[in-house]
Amino acid sequence: MSSTPSAATTPVANRGAITACIILAVIMQALDTTIANVALPYIQGSVAASADQINWVLTSYIVAAAIMTPPSGFLSQKFGRKRVLLVAIVGFVVASVLCGLAQSLPQIVGFRLLQGLFGAALVPLSQGILLDIYSVEERGSAMALFGVSVMVGPVLGPVIGGWLTENISWRWVFYINVPIGALAFAGISIFVKETKIDAQAKLDWFGFGMLSLGIASLQLFLDRGGQLDWFSSGEIIVEAVVCASAFYLLLIHTLTTEKSFINPRLFRDQNFTVSMLFIFVVGVTYLASLALMTPYLQSLMGYPVITAGLVMGPRGLGTMVCMFVVGRLIGKVDTRILLFTGLAITAWAMYDMMGWTPDVSQWTIISVGFVQGAGLGFLFVPLTTIAFATLPADMRGDGTGLYNLSRNVGSSVGIAVVAALLVENTQANHEAIASYVTPFNHAFQAPAAAALDPMTAVGRASLDSIVTLQATIIAYMDDFKLLMVMSLAVMPLVFLLRKPKAPPVIDHSAAME
């Protein structure tokens, strides 16, 4: 096998072709993070799933990607980076086709798990190839392009997903990966060189297994808890015990093993530890709010799927714009100030969303979404910079994997929690409001309320519809309030971050792997 390719050994023409193919692979993976969001109501109808069950289509993908991101470096070292990347592309495309062919909820959730498992390696390995083929002087531009490609997915996902669902079928939000994957596979096969293989490379399988088991059982606990009435169910108790046991064994193993899957020395760095909490909250607030917006726009406001995708698109645009702005401010403005600003902007956007009703204007949805995306743009780059600013260089590889694991777990936990709370709060609000609906309420004696007479079957049905709508609106407000409170709650942690002595050269795209 050839050695790791470098800028000196890679022809300029080949670098352009390799970059194009790598960008295609990254966009394909990033696209699937959000492209299914606007199609969820249609998928829900096709597979006969409930409102909280259908979110498994989102969380299963994120959880699988979270689990498989840390060992991607080991796999490339053991089997060769090019080979692992090609297998990941093929597996991702095949899993995408299977998602499109799925006829039931278990099928599509299982195939989305496969998508996440194969897709997890695409971003970190693609990033490694770009770092190898460009010189130190050119890496800044290469990583800027890489960062944009990662963010293009969330921007284009709702728009493309909405158009495909409206004009063809929701199944095409998965089939679209076939031509993209084929081009990426062909280009990487031709232009990318294989790296050296280390047959002696080893993985801490016990640590990896406990981490995977802990994350999987935690997700099941959160996804199934609302349906099974939490700890009144034996299944939920088992999942909680397995989750706690797995994380306990992982902790003991990490502290007592010489070369554990998670390097405990990482947590001695105060900036890195605090940043892990920050990126977890960022993961919760960003994708959880996206998961809430889709049913809000389509079910409550009656938006066509393509319109819902278009009004959600500016959120990602705000992130991209502010990433470029903040990139220029790094080194000139204290990163802690930028981080505080990002949290404040995010909290303000959630506060505004707390007052939304189905009568809110399109312009308000677009502008607030853009502002929320801008807040995320203010968070990504400063957070990545300060997280790795004081971390020793030899631990940055392990740190990047754990950092991105925290973001992915935050995203999956956030989606599961807001979905469960939405269902529970809707039921609680319905009960509270319905307690005022009685035949003795003088409001129903007015002539204008004749159609809502609780003494008639038609009146009761109309009243139930109105009460359910109001209960659902309040439940959405409660979820947006929770996300706002989480953004505000982590603000004091900014004061625990230490200002680095000098702005280090950091790969800002690490936050988006």
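Modeller: The side chain of Ser406 reaches the backbone oxygen of Met276, at a distance of 3.0 Å. This is a predicted model, and the distance is computed from its atoms. Ser406 is found in helix H17, which covers residues 396–434. Leaving aside residues up to four places away in sequence, Ser406 touches Met276, Ile279 and Phe280. With a relative accessible area of 10%, Ser406 counts as buried, because buried means under 20%.

The next element to look at is helix H13, residues 270–300. Asp269 caps the N-terminal end of H13, where a side-chain oxygen of Asp269 lies 3.1 Å from the backbone nitrogen of Asn271. After H13 comes Gly302, with a positive phi near 70°. H13 has 31 residues, so at 1.5 Å a residue it should span 45 Å, and its end C-alpha atoms are 44 Å apart, which agrees. H13 is also mostly covered, since 25 of its 31 residues are buried.

The structure holds 13 aromatic pairs. In one of them, Phe208 and Phe261 are tilted, with 5.5 Å from centre to centre and 55° between the planes. This pair links distant parts of the chain: Phe208 is in helix H11 (residues 205–225), whereas Phe261 is in the loop between helix H12 (234–256) and H13, and 53 residues separate them. Both Phe208 and Phe261 are buried.

Another tilted pair is formed by Tyr296 and Trp356, at 6.4 Å centre to centre with 50° between the planes. Tyr296 belongs to H13, while Trp356 sits 60 residues away in the loop between helix H15 (335–353) and helix H16 (362–389), and the pair again links distant parts of the chain. Tyr296 has a relative accessible area of 1% and is therefore buried. Trp356 is buried as well, with a relative accessibility of 4%. Tyr296 and Trp356 also belong to one aromatic cluster, together with Tyr476 and Phe480.

H16 is mostly covered, with 21 of its 28 residues buried.

These elements sit in a chain that has 18 helices and zero strands. Of its 513 residues, 54% count as buried. Among the contacts with a separation of 6 or more, residues 24 or more positions apart account for 83%. The chain exposes about 21400 Å², and carbon and sulfur atoms supply 68% of that area.

Cysteines are the last topic. A disulfide is a covalent bond between the sulfur atoms of two cysteines. The count here is zero disulfides, by the rule that the sulfur atoms must lie within 2.5 Å. Cys243 is buried, with a relative accessible area of 11%. Cys322 also counts as buried, at 11% relative accessibility.

Technical notes: Residues are numbered from 1 along each chain as its sequence is written. This is a predicted model: local features need pLDDT of at least 70, side-chain atom pairs count only at pLDDT 80 or more; totals for chains, interfaces and linings use all residues. Side-chain values use heavy atoms; hydrogens and water are left out. Helices (H or I, at least four residues) and strands (E, at least two) are DSSP runs, numbered from the N terminus. Buried means under 20% relative accessible area, exposed over 50%, partly exposed in between (1.4 Å probe, protein chains only). Contact means heavy atoms within 4.5 Å. Accessible areas come from the Shrake-Rupley method with a 1.4 Å probe; for residues, only the protein chains shown count as cover. Rings of Phe, Tyr and Trp (its six-membered ring) pair if their centres lie within 6.5 Å; planes under 30 degrees apart count as stacked, over 60 as edge-to-face and the rest as tilted. The expected span of a helix is 1.5 Å times one less than its number of residues. A polar contact is a pair of N or O atoms within 3.5 Å; within protein, one must be able to donate a hydrogen and the other to accept it, and residues adjacent in sequence count only if both atoms are side-chain atoms.
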